[in-house]
Each structure stands twice: as C-alpha cells, then as structure tokens.
Amino acid sequence: MRFLLLLSALGLCWAQYSPHTKDGRTSMVHLFEWRWVDIAKECERYLGPKGFGGVQVSPPNENIVIHNPSRPWWERYQPISYKICTRSGNEDEFRDMVKRCNNVGVRIYVDAVINHMCGAGGGAGTSSTCGSYYNAHNRDFPAVPYSGWDFNDGKCHTGDGEIHNYNDAYQVRDCRLVSLLDLALEKDYVRTKVADYLNHLIDIGVAGFRLDAAKHMWPGDIKAVLDKLHDLNETWFPAGSKPFIFQEVIDLGGEAISSSEYFGNGRVTEFKYGAKLGTVIRKWNGEKMAYLKNWGEGWGFMPSDRALVFVDNHDNQRGHGAGGASILTFWDARLYKMAVGFMLAHPYGFTRVMSSFRWDRNFQNGKDVNDWMGPPNNNGVIKEVTINPDTTCGNGWVCEHRWRQIRNMVDFRNVVDGQPFVNWWDNGSNQVAFGRGNRGFIVFNNDDWALSTTLQTGLPAGTYCDVISGDKIDGNCTGIKIQVSGDGRAHFSISNSAEDPFIAIHAESKL
C-alpha cells in the first residue's frame with residue numbers, strides 16, 4: 001500500500017514536468033509579443049503542420065501603459081490586474097486562440113507574472129491596458145483587489161525596499177526586484193488571488209505556465225499556489241492532468257539561491273545552457289565543439305528531466321537577464337542556426353525555440369540603448385505578423401521558427417525522440433558529429449577549414465535529404481543528398497564558408 005501511495009504521489013509530482021505535448025511533438029516556440037489572433041492563425045497554418053508542440057505566449061493580463069520610453073516590451077511585466085486584456089488582445093480573442101491551437105495539437109503556455117505588480121514609481125490613474133484604476137504609491141489595485149496589506153514592504157530590511165545583495169536569499173525574495181511592488185505570497189489571500197487567475201486560464205484550456213521571476217519567490221509559496229490549481233481542461237487533456245510548470249530561475253552559480261530548490265515545483269530554466277553553448281560556438285576562451293561530447297549534466301547543468309533549455313530568450317537576447325555577450329541571437333544568424341541545430345539534435349532537456357521581432361539597435365559604450373523597444377506597432381497598436389511569399393515574416397517580425405534550418409531541426413527532434421546519443425565523432429577541434437540511435441545523424445563544421453570525411457551514421461542504407469540545405473519534397477531533395485552505405489557509413493563534405501556549416505539527416509528524410 002505504501003508503495004502504491006508513493007507511486008501515486010510520484011505521478012502527481014511528475015505531471016507538472018510534462019509539457020502535455022501531443023505524441024511525437026517535442027519542442028515549444030516563444031512567440032514573443034504576438035497578438036492572439038496571429039498566434040491562432042500560426043497554430044493552424046504552420047505550427048500544427050510542422051510538428052511544434054506548443055507556444056509560450058506573452059503575459060495576457062492587464063498591465064501598466066508606459067509612455068516614456070514609448071510602450072517598451074517590459075511594460076507587459078508590470079501587472080495592474082488579472083483581467084485578460086493587453087496589447088495582444090482581449091479575453092474573447094485569447095479563448096479563441098487557445099481553442100484553435102489545442103484543436104491542431106499545439107499547446108499554450110502562459111508567461112505568468114505573479115511575483116509583483118507594477119513599479120513603485122508607477123503613479124496613479126487608469127493608464128493601463130484595460131483602463132483599470134490603480135495607485136502604486138498607496139499599493140492600491142482595486143481591480144484585483146490588492147491593498148497595502150498584500151505586499152512585502154514590511155518584510156524587506158534594506159531601507160529602500162530594493163534588492164542590493166544577491167547573496168542574501170531573504171533580500172532576493174522579500175525585497176523589490178527593480179522597484180516592482182513585491183507581493184506577499186505567504187498570505188493565503190494573495191495565494192488565492194493568484195491561483196484564481198491561473199485557474200481561469202487553465203479552465204480556458206492552457207497547458208501550463210512559465211513562472212516569471214521565480215527566483216524572487218520562496219519555493220514553498222509557489223508550491224502553495226500550485227496546490228490550489230485545477231486539473232487541465234478535459235476537452236483537450238486526460239482527466240487528472242496537472243499544468244506544466246517551468247520556473248524562471250537565473251542561476252549561473254555563485255549566488256545564494258540555486259535552481260535545485262525549485263525542482264519540487266516543476267521544471268526550471270537552465271540559463272547556463274545558452275551562455276555556455278554561445279561561448280563554445282563563438283570559440284571564446286579556448287572552447288571547442290569537441291568538448292561538447294559530455295554536454296548536459298557533464299557540464300554541471302541540472303538533471304535533463306528538470307531542465308527547460310534555449311539558446312536565447314526575450315531577456316538575454318537584449319543583454320538583460322543572464323548570459324552576457326556570449327548569448328547567440330538572430331543577429332548572428334549563421335552561428336545561431338548552428339547553436340539551435342545542436343540544441344534540437346541533442347537529447348538534453350525540453351527545448352524552446354525563440355521567435356523575435358527586430359528593433360533599432362544603437363550601441364553606446366557597449367550597451368544597446370534601444371534594448372527597451374517594444375514590438376512592431378502603429379502608435380502602440382501591435383502590427384499583424386504578415387507572411388511573405390517565401391514563408392518568412394514581414395512587418396518587422398523575425399520568426400526564427402520559420403527559418404528552414406530551425407523548422408526542420410524541430411522535426412528532426414520529433415523523429416529521433418527517445419533515441420540514445422550515439423556515434424560521437426570529433427576532430428579534436430570544431431568539427432563534430434553524433435547520431436540519435438538509428439533515426440538521425442548530424443555533422444557540424446565550425447572550423448576555419450573544410451570538412452571531408454567518412455563517418456558511421458548508425459542509419460540504414462539509402463539516400464537521405466540533408467534537411468539543413470533543403471527539404472524532401474515529392475520524393476526528391478531540394479538540397480544536398482547523402483548516401484549511406486550498407487555498413488551505415490556516409491561521406492560528408494562541408495566547406496568552412498558554407499552559409500550553414502552543418503548537415504542533418506533522419507529516418508523521415510530518406511528517399
């Protein structure tokens with residue numbers, strides 16, 4: 001009996017680590033600042049057909065409207081209420097998106113901002129995306145409602161109420177992160193208000209949550225909120241399914257708070273992943289791709305079944321958050337595609353692909369002074385994501401998830417899911433290759449000289465389409481063809497000046 005109880009407890013526990021993607025789907029994409037109407041269309045026309053498992057959406061709840069600077073992206077992270085009412089759309093549009101995406105097997109994960117409300121200097125009035133009144137000075141948010149009783153002002157002992165020392169766990173969790181009014185999540189009233197908001201989204205049909213600023217909340221407080229959550233909507237999920245939880249904990253080592261404190265609540269963002277991979281692919285500090293042979297836990301990362309991984313995210317692609325200059329982004333397209341290709345081919349963690357918008361970069365003294373810029377807009381109204389004839393995006397949207405090399409590697413990951421990491425090869429420098437069981441094989445040339453060699457792929461004999469240089473369409477390859485012989489070996493040639501210096505083949509790309 002005790003064994004059965006233990007198993008059932010484990011079952012409940014494990015639910016929040018599962019993204020509830022449909023069978024055969026293994027990655028999510030972050031459609032940063034997209035409108036709900038555009039996400040619904042993208043699920044139907046692209047994400048569903050191309051095998052994406054889910055979408056992380058920007059915070060859907062009412063936020064402060066900031067005019068100086070003009071409508072920055074970070075205003076979305078300053079809540080005024082829990083009404084579904086933002087620049088991305090209203091509640092009806094949100095419901096329609098969730099339904100349409102779920103109906104084509106694409107899950108919705110909400111970026112949940114529950115650590116705080118708007119900044120202490122946010123003033124008072126109705127300058128919010130739904131017109132709700134608030135008074136930041138008095139801690140008055142009647143649309144929730146929250147009052148001065150519901151904030152951590154009394155618990156913080158730094159004098160000005162701000163975090164100054166990241167080696168003090170109490171400060172990090174009880175004081176204000178960049179002046180944002182810190183909610184008292186130890187109070188049952190606050191926990192209930194937060195849970196009511198999340199339950200409203202669960203009932204609509206979302207599959208889970210990214211918990212923003214989780215490092216700034218006590219793990220026990222998060223657990224108390226999660227314990228109040230409903231099971232997922234049975235229209236799309238099996239009875240008893242718990243929401244997928246992944247927590248934003250920036251832990252590069254050397255601070256008082258570690259990622260592992262949050263494992264009991266769900267997965268955790270592994271920020272070391274993108275920072276280290278960027279350093280390797282840039283070949284900084286003497287790093288080489290040959291050193292990636294034991295990538296994952298061997299590099300001091302968290303256990304794979306607890307990790308949510310990404311090459312870049314909306315914060316660190318702008319120099320915020322964690323990772324610094326090594327972070328690769330769409331601005332470094334050639335290296336970025338290699339990094340994302342490596343991530344999607346390698347079995348470690350649950351993968352998230354970034355989908356960005358362009359902004360006017362302006363570096364002064366090494367800092368981008370325009371890193372605040374919000375999404376493409378007309379007088380504050382977010383622009384439609386338009387699709388060009390070549391399937392790329394227009395109107396200032398980057399849409400990395402639509403780049404052939406990235407979209408085809410999302411498919412590669414689906415095809416090789418569950419297969420072991422095998423047949424590693426390297427030249428001692430920056431030419432490496434590895435397989436995934438007998439289902440896929442990938443080769444990289446990040447050296448300053450050509451690669452030409454015969455390797456054991458582990459794949460059955462036949463002709464395969466390289467899914468990086470092209471597609472398999474109507475029984476033919478639009479890119480490079482790779483011949484695998486009866487003993488599983490194949491010859492690979494990759495120029496060091498190739499636009500995409502890697503090749504990937506898999507069971508479904510065989511002619």
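Rings of Phe, Tyr and Trp, the last taken by its six-membered ring, pair if their centres lie within 6.5 Å. With this rule, one aromatic cluster is formed by Tyr273, Trp295, Trp299, Phe301, Phe342, Tyr348, Phe421, Trp424, Phe434, Phe444 and Phe502. The model is a predicted one.

**Strand E22**

Phe444, one of the cluster members, is also a residue of strand E22 and is buried there. How many residues of E22 are buried? The count is 6 of the 6, across residues 440-445, so the strand is largely enclosed by the rest of the structure. Burial here means under 20% relative accessible area. Both faces of E22 are covered. One side carries Gly440, Ile442 and Phe444. The other carries Phe441, Val443 and Asn445.

E22 has antiparallel partners in E21 and E29. Strand E21 spans residues 431-436 and is joined to E22 by 6 bridges. Within that pairing, Ala433 is bridged to Val443. E21 and E22 form a hairpin with 3 residues between the strands. Gly437 in this hairpin takes a positive phi near 55°. Strand E29, residues 502-506, pairs with E22 over 5 bridges.

**Aromatic pairs**

A pair of aromatic rings is described by the distance of the centres and the angle of the planes. Planes over 60 degrees apart count as edge-to-face. Trp34 and Trp397 have plane angle 65°, so their pair is edge-to-face, with the ring centres 6.0 Å apart. This pair links distant parts of the chain, 363 residues apart. Trp34 lies in the loop between strand E1 (27-31) and helix H2 (36-47). Trp397 lies in the loop between strand E19 (381-382) and helix H9 (404-416). Both Trp34 and Trp397 are buried. Trp73 and Tyr77 have their planes at 75°, so this pair is edge-to-face as well, with centres 6.1 Å apart. Trp73 is buried, and Tyr77 is too.

**Charges over rings**

Which arginines sit over rings, and at what distance from the ring centre? The table lists two cases.

| Charged residue | Ring | Distance to ring centre |
|---|---|---|
| Arg306 | Tyr17 | 3.9 Å |
| Arg318 | Trp359 | 4.3 Å |

In the Arg306 case, the charged end of the side chain sits over the Tyr17 ring. Arg318 lies over the face of Trp359.

Terms used. Residues numbered from 1 in each chain as written. Predicted model: local features only at pLDDT ≥ 70, side-chain atom pairs only at ≥ 80, totals over all residues. Heavy atoms only, no water. Buried < 20%, exposed > 50% of the residue type's maximum accessible area, 1.4 Å probe, protein only. Helix = DSSP H or I, 4+ residues; strand = E, 2+ residues; numbered from the N terminus. Pairing = 2+ DSSP bridges. Phe/Tyr/Trp six-rings, centres within 6.5 Å; stacked < 30°, edge-to-face > 60°. Lys NZ or Arg CZ within 6 Å of the ring centre and 35° of its normal.
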